[in-house]
Amino acid sequence: MITNTELEYKGNLYPDNIVEFKQDSDKFYFTTNNGVVLEITVIRNSTIRFRYATDHVFQPDFSYAISPTAPRGYNHLEATETKTEYLITTSKIKVLVDKQSLRIQISDLEGNIINEDELGFHYEENYAFGGNSVKMSKITQPGESFYGMGDKATHSNLKGKRVENWVTDQYAYGKDQDPLYKAVPYYIGLHNDKAYGLFFDNTFKTHFDFAHERRNVTSFWAEGGEMNYYFFYGPNMSRVVRSYTDLTGTPELPPLWALGYHQSKWSYFPESRVKQIANKFRKLKIPCDAIYLDIDYMDGFRCFTWDKTKFPDPKAMIKDLNEDGFKTVVMIDPGIKVDRNYWVYQEAIKNDYFCKRGDGPLMNGKVWPGQCNFPDFTNPKVREWWAGLYKELMSETGAHAVWNDMNEPAMMEVPSKTAPLDTRHDYDGHPCSHRKAHNIYGMQMVRATYEGVKKYVYPKRPFVITRASYSGAQRFSSTWTGDNVATWEHLWIANVQVQRMCLSGMSFVGTDIGGFAEQPNGELFARWIQLGIFHPFCRVHSSGDHGDQEPWSFDAEVTKIVRKFIELRYQLLPYLYTAFYKYYKESVPMIQPLVYFDQEDHQTHFRTDEFIFGEQILVCPIQEPNAKGRRMYIPRGIWYDYWTNETIEGGTEKWVDADIDKIPIFIKEGAIIPKYPVQQYVGELTIKELQLDVYYKLGTENSNVYEDAQDGYDYTKGEYSLRNFKLTGKENELIIQQFKDGNFITTYEVCKLRLMGLPFKIKAIRLDNETIALKDVKMNGDNTIHVTKDFTTLHILGK
């Protein structure tokens, strides 16, 4: 007779001593006496993958996060064994594996410890769901700081924080509220002026403790799946961020209009209201490239339909808007209304495309249309079908871009705010529950959307936006930070979130300028615009329940300030486009926190407000009311005040005047900043000259300008123009050399150079070794000259 049927609770289980070692090319396997297997894979010289199995068995090796084009390769690899350890050495780092405990220590070639296990890998059987909870603990090094982790609404430096990743619809979230809309299980550690990164590629709910529970221990764990993480060594933070972004991928270049100013609201309808908004922009000469249609354009919130009462002829409306320079962006949500007379629902039912519960019934959830079913976007056949649904919307009706919302997936009137955990998913042939698929559901939805939009706007480039995402979603989509609030605290949060997202591989990001919930006053709206025009994705969006948030919704002074800063964004479009090119091509973040810019300056480690826009413009928003200026930290080096052209020595905190019509903006000495004339929308004007603002430096500095047709794919075939400038400043001479790459021929023939900070009066100019009369370069009193666009060397000689 059985008298005790309870399972034995074993608690945390740990690897014991290694009993077998083998090498298979770039993979190393260590097996312990109790059946734990560690697989170490050398991806690149400074990128190593660590993967643990229990009971001798690895799970299928599959990831949505890793880019299929992620670079691999190394130039040195060596494995040695001593009495107590195994040692794997690349040309950059050493990985030590302890024979008795399987614990890891990683050091540079000089023996400086970069990262080391505390308890290391351990696990606990999950009796409720099966499998294991997998855990890792690391020693926190003295003075170590932590950054990254996606859209967390908390201080940039995560030291002392505990966070989790479970994508969640958090309407009107607050400071330090967690989790939010993104799951990015990746962080950067910095100590002793050396940086490393760690990406825990596990899609279950994950937790990270950055010396919160124990001040000398950093730990991370997941409620299922494998302990599978990638380690990146710098020592520069820039190298860490690039390595992570290389691994998870970058987007293709967007159409240039996607980098313009966008106007959105929940919701603009009917058609007459949409046109009224568009006409007001043009009347007031406030540049704008896109107008958004939220869910109210649909018939009863049914995706891929139009409410013909509000929008009787959407094709004609979109055409009219386009002729006036406005692109139309439409929202699509994942919830499909349960309606047997609805063609999308009929197709999904017929083909068995909806998610099901564990015992077979369809997974139901309430969203805007009422009762809904949800496609399983982890099924390749469903993604292909979903992509095809965009044909009529894009090809026939003419919409230009798509905005995926509510794709956590969000559900109403349930405590979890999302799908039940027993919901089943295909997971690309690796069937699983929602516990594993939840964090990537939105990513796979926007992946399918991207494929559809790309197909049906071709030969134009796609532009797609998502709210929910997981690491790697940046390959398919831009994003924003969700349902924020019109408060000064949220202006601070917006700044921190975008900086953090850019460090986390997701540079094409912005916020709901002005706040989605509640209503800003004119001052807050103006200050938010002043920040938002420097974010890669620049859009005003708000809930109509709280009033209007168009640029003219306040007073004449605010309207004037908003116009001034939106015009500045349009002037800086070639600079921003060049930053996007470097993000796309070289994985360089488009916004750089000061700690990224100068990690050896310890004053930058806890700065939250200041950031570098691109690589040469320093910005610091005003984040409190009634301010006439603020104190800010100027990073090391010499900087030019954008408004006055006065120079300032960095490495110190300074008071900077900034009344309501300004924010602190500084230009790095030696920079060459490209500008276009103000346009009401991208493509309104044929660019007749490229303005180059040249900031003198005693020394050298490199700058770039990337241009192409602003849309289409010819840039992938060499039809681009990349101007590489080298500035060399001497006491009585300024030399600018240009090295051009690419076959694209720009519409302008002339560059207008504005020379700032010259310590001498111009005596003579030599262009490509020929002396040029000053009148031939149209020089005037403010040191402005005009030269042919394809010059090789420009010498400016002083008296």
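Visitor: Which residue comes after helix α11, and is its phi positive or negative?

Guide: Helices (H or I, at least four residues) and strands (E, at least two) are DSSP runs, numbered from the N terminus. Here α11 is followed by S587, and the phi of S587 is positive, near 60°. Please keep in mind that this is a predicted model, in which local features need pLDDT of at least 70 and side-chain atom pairs count only at pLDDT 80 or more, while totals for chains, interfaces and linings use all residues. Residues are numbered from 1 along each chain as its sequence is written, and side-chain values use heavy atoms, with hydrogens and water left out.

Visitor: What span should helix α11 have, and how far apart are its end C-alpha atoms?

Guide: The expected span of a helix is 1.5 Å times one less than its number of residues. Helix α11 covers residues 573–586, and its 14 residues should therefore span 20 Å, which agrees with the 19 Å between its end C-alpha atoms.

Visitor: How many residues of α11 are buried?

Guide: A residue is called buried under 20% relative accessible area, exposed over 50%, and partly exposed in between (1.4 Å probe, protein chains only). By that reading α11 is mostly covered, with eleven of its 14 residues buried; among them are L573, P574, F580 and Y583.

Visitor: Which residue follows helix α1, and which residues of α1 are buried?

Guide: The residue after α1 is G249, with a positive phi near 100°. The buried residues of α1 include M237, V240, Y244 and L247.

Visitor: In what order do the six strands of the open sheet stand?

Guide: Two strands pair if DSSP finds at least two bridges between them. The order in this open sheet is β34-β35-β36-β41-β38-β39, with antiparallel pairing. At its edges stand β34 (591–593) and β39 (647–649), each with a single partner strand, so one side of each has no neighbour in the sheet. On average, neighbouring strands are turned by 35° against each other, direction ignored.

Visitor: What packs on this sheet, and where does it touch?

Guide: Contact means heavy atoms within 4.5 Å, and axes are lines fitted to C-alpha atoms, for helices over the stretch in contact, with angles from 0 to 180 degrees between N-to-C directions. Helix α8 (residues 488–503) packs on the sheet and touches β34 and β35, its direction making about 100° with that of β34. These two strands, β34 and β35 (residues 611–613), pair in the antiparallel sense over three bridges, and Q592 stands opposite I612 in β35.

Visitor: Where is E124, and which side chain does its own side chain contact?

Guide: A polar contact is a pair of N or O atoms within 3.5 Å; within protein, one must be able to donate a hydrogen and the other to accept it, and residues adjacent in sequence count only if both atoms are side-chain atoms. E124 lies in strand β9 (residues 113–125), counts as buried because its relative accessibility is 18%, and makes a side-chain polar contact with the side chain of K135 at 2.8 Å.

Visitor: Where does N228 lie, and which residues does it touch?

Guide: N228 belongs to strand β18 (residues 227–233) and is buried, with a relative accessible area of 7%. Leaving aside residues up to four places away in sequence, N228 touches R49, F50, R51, F199, F200 and D201.
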